[in-house]
Amino acid sequence: MDRRKFLIAGLAAPFALSRSTLAKDRIPIGDMHFHLFFVGPRPAHTQPLARNMASGGATLATWSIVGDMPWLAPARGGFKQKGSPRPDEPKTWLAEELGRVMRHIREQGLGVARTPADVDAALKGEPHVVLSIEGATFAEGNPAEIDLAHGLGIRSLQLVHYIRNPLGDFQTEKPQHNGLTEAGKQVVRDCQKRGILVDLAHCTPRAVEDALSVAKLPLVWSHGSVTRSTPDWTMPTVKARQLKLDFAKQIAAQGGVVGLWALGGDVGTSVESYTDRLLQMADWLGEDHVAFGSDMNALAKPALASFADHRRAIELMLRRNVPEARVRKIAIENYARVLKGAMTGKAA
């Protein structure tokens, strides 16, 4: 058995669904981007995912595996590249980290969202995890690697992150590709053919436009915030990582969804301030194009520190008399719609 088949056979086995479900009248919650790590001050075994999801009624949570983690070093307000991977190192790292992720999911009794039916089950209250990669460094300019990612259960792929890769430019360093490369554009096409949702977070404006120009299905910006100003790579990370409103509207115009992160230095440190920004984004982009994208466990002084905080945001919207249909869209339905569309290869 070759290495590719071995990885798929060993890591892509289905896991049992959790038997816990939400009360029928409780709005389920989705999150387009969160983290759990196996190193650092709060490793995964100290914060079991099933308990965290249950604390807020989250049923469609996207666990983002950092594809360039071994080559990152903390920097003021974010991260910087500390080295360059050798050939095949990113694939090896991904396989090892994905193995750890899958073991935790199995131990927690959670489902893995691989099909539209799994997403429908999440909408009905059965908790599922979506597997995502933040930074397609593993592709190494070879779009054929998308088949491997799909076989391993990946259903969301973020093109760039904090280190240079052959696919395109990212927001926090001086551009070198003038957007997406031809390989990057092909990755977008191949993801959409294969059933993987394309995530534009961290992309430069030109890279966003390039992705939208070749996409046949809606795309997402999983986490960040929207601003009327013009972010630039020379700005502090909290500013550089914002998405200009014009480009957020382009994503929305093609049916996509933009997620709001919970970075305290951007959205404030309270559930109330986060909710204000989320509703503002819904006013700017339309209620069909906004979602949670907390970036949980990767932020300083976050407004949302657990899925229980997501629930508080939902309850706050309802207390403010935000129509329940609008709340449900923001809470989970918008994300579920584009994820199902990506899985089936059909625009909703």
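Helices α6 (residues 182-194) and α7 (residues 205-214) approach within 9 Å, axis to axis, and cross at roughly 45 degrees. Axes here are lines fitted to C-alpha atoms, for helices over the stretch in contact, and angles run from 0 to 180 degrees between N-to-C directions. Helices (H or I, at least four residues) and strands (E, at least two) are DSSP runs, numbered from the N terminus. The model is predicted; local features need pLDDT of at least 70, side-chain atom pairs count only at pLDDT 80 or more, and totals for chains, interfaces and linings use all residues. Residues are numbered from 1 along each chain as its sequence is written, and side-chain values use heavy atoms, with hydrogens and water left out.

The α6 and α7 helices are therefore oblique to each other. Angles under 35 degrees count as roughly parallel, over 145 as roughly antiparallel, 65 to 115 as roughly perpendicular and the rest as oblique. The crossing of α6 and α7 is right-handed. A crossing is left-handed if the near helix is turned anticlockwise from the far one by less than a right angle, and right-handed if clockwise. K185, V188 and R189 of α6 make the contact (heavy atoms within 4.5 Å) with D210, A211 and V214 of α7. Three nonpolar, no polar and three charged residues form this contact of α6 with α7. Ala, Val, Leu, Ile, Met, Phe, Trp, Tyr, Cys and Pro count as nonpolar, Asp, Glu, Lys and Arg as charged, and the others, Gly among them, as polar.

Helix α7 also meets helix α9 (residues 245-253), with axes that come within 11 Å and cross at roughly 15 degrees. The α7 and α9 helices are therefore roughly parallel. Their crossing is left-handed. P205, V208, E209 and L212 of α7 contact F247, Q250 and I251 of α9. By class, the α7 contact with α9 has five nonpolar, one polar and one charged residues.

Helix α4 (residues 116-123) packs with helix α13 (residues 324-344) at about 165 degrees, their axes 9 Å apart. The α4 and α13 helices are therefore roughly antiparallel. The crossing of α4 and α13 is left-handed. On α4, P116, V119, D120, A122 and L123 take part; on α13, I332, E333, A336, L339, K340, M343 and T344. The contact of α4 with α13 has eight nonpolar, one polar and three charged residues.

Overall, the protein has 13 helices and 13 strands. Its C-alpha trace spans about 55 × 45 × 40 Å along the principal axes.

The average pLDDT (the predictor's confidence in each residue, from 0 to 100) is 92, and 93% of the residues score at least 70. Residues 1-20 stay under 50, and the model has 43 contacts beyond four places in sequence for them. Where pLDDT is low, the predicted coordinates should not be read in detail.
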